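Let's take a walk through a protein together, one part at a time.

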Amino acid sequence: MVAERRPGARGIRLRADSIDGAVRFTLPPRGGIADAATLLDRHQDWLARQVAGWPVPLPFAPGAIIPFDGSTLMLDWAAAHPRLPQRNGDVLRIGGPIDALPARVLRWLKAAALADMEPLTRALAARVDRNVSQVRVGDTRSRWGSCVGNGAGAGRIAYSWRLILAPSLVRRNVVAHEVAHLVHANHGPGFHALLAELDANGAASKRWLRAHGAGLHWVGRAA
Ligand SMILES: [Zn+2]
């Protein structure tokens, strides 16, 4: 349980965060502890239901089956396998010391995410006649992608590497979204018209992320 005091908070808020598995209270700058305790007491059942619905951690361990590109990958680790991960269909073979397994899988997934999304980003940017200076992947919590449309650092696009765990139609939508921001800095009608032009499956992609997006944040998390 995490309690945060927010200068602007007027009341008390209780949130069960399905992305990182934390229960958070937001409190006004002063007081509120007694009310928070009452709120928590009244919402015991609600909280239990939320927590029961959270995804489960899926550590990078030998034999683990992780989501990948709309399908799955089984982590086939043996110390004697080649150290560089090798994918063969729905199996990822990895060797080397077991302690290094999580980091090796993570590195491989990040590289796969970039190898998939960078060419797509550049292809869509070319369609709207915009320049992309850099594409990178990180591990953002709140957003699947970000884009610097103009000014300093213009044309820099970043994605969450976790998108490689999702089906390609989801990546297509996130990439189209960020590329549309190279043209429109806002989410106005012009932005949405261009986004629809670049990606016809936006609704399906959003549905998928609503249902499974939080679960992607539990992949690779230690149990
Ligand atoms: Zn946006």
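**A guided tour of the model**

In this predicted model, Trp77 stands opposite Ile94 in β7. That pair is a handy place to start, and we will come back to the strands around it. Before that, let's step back and take in the whole protein.

The protein contains six helices and ten strands. Its C-alpha trace spans about 55 × 50 × 30 Å along the principal axes. Of the 223 residues, 37% are buried. The domain assignment gives domain 1 (2–53) and domain 2 (98–216), and the C-alpha centres of domain 1 and domain 2 lie 32 Å apart.

Let's begin with strand β3, which covers residues 22–27. How many of its residues are buried? Six of the six are, so β3 is largely enclosed by the rest of the structure.

Which strands pair with β3? One of them is β1 (residues 2–5), which pairs with β3 in the parallel sense over four bridges. Here Arg5 has Leu27 of β3 as its bridge partner. Another is β2 (residues 13–17), which is joined to β3 by five bridges and runs antiparallel to it. In this case, Leu14 has Phe25 of β3 as its bridge partner. The hairpin of β2 and β3 has four residues between the strands, and Gly21 takes a positive phi near 70° there.

Now back to where we started. An open sheet of four strands has the order β4-β5-β7-β6, and its pairing is mixed. Its edge strands are β4 (65–68) and β6 (86–88), each of which pairs on one side only. On average, neighbouring strands of this sheet are turned by 30° against each other, direction ignored. Strand β5 (residues 71–77) and strand β7 (residues 91–94) run parallel and are joined by four bridges. Look again at Trp77 and you will find Ile94 of β7 opposite.

Two loops deserve a stop as well. In the loop between β4 and β5 sits Asp69. Its phi is near 50°, a positive value in a residue other than glycine. Is Asp69 buried or partly exposed? With a relative accessible area of 33%, Asp69 is partly exposed. The second stop is Asp129, in the loop between α3 (101–127) and β8 (134–138). Asp129 is not a glycine either, yet it has a positive phi of about 60°. With a relative accessible area of 66%, Asp129 is exposed.

Rolling a probe the size of a water molecule over the atoms shows where empty space is left. The largest pocket holds about 380 Å³ of space. It is lined by 16 residues, and the closest to its centre are Trp144, Asn173, Val174, Lys206 and Leu209. Which helices each supply at least two residues of this lining? They are α4 (168–183) and α6 (202–216), and the largest share, five residues, comes from α6. By type, the lining divides into five nonpolar, six polar and five charged residues.

Conventions
Residues numbered from 1 in each chain as written. Predicted model: local features only at pLDDT ≥ 70, side-chain atom pairs only at ≥ 80, totals over all residues. Heavy atoms only, no water. Pairing = 2+ DSSP bridges. Axes fitted to C-alpha atoms, helices over the stretch in contact; angles between N-to-C directions. 1 Å grid on protein atoms, 1.4 Å probe; cavity = no way out; pocket = protein on both sides within 12 Å on 5 of 7 lines; lining within 4 Å. Points joined across faces, edges and corners; volume = space filled by probe spheres on them. Nonpolar A, V, L, I, M, F, W, Y, C, P; charged D, E, K, R; others polar. Domains from an automatic or database assignment. Buried < 20%, exposed > 50% of the residue type's maximum accessible area, 1.4 Å probe, protein only.
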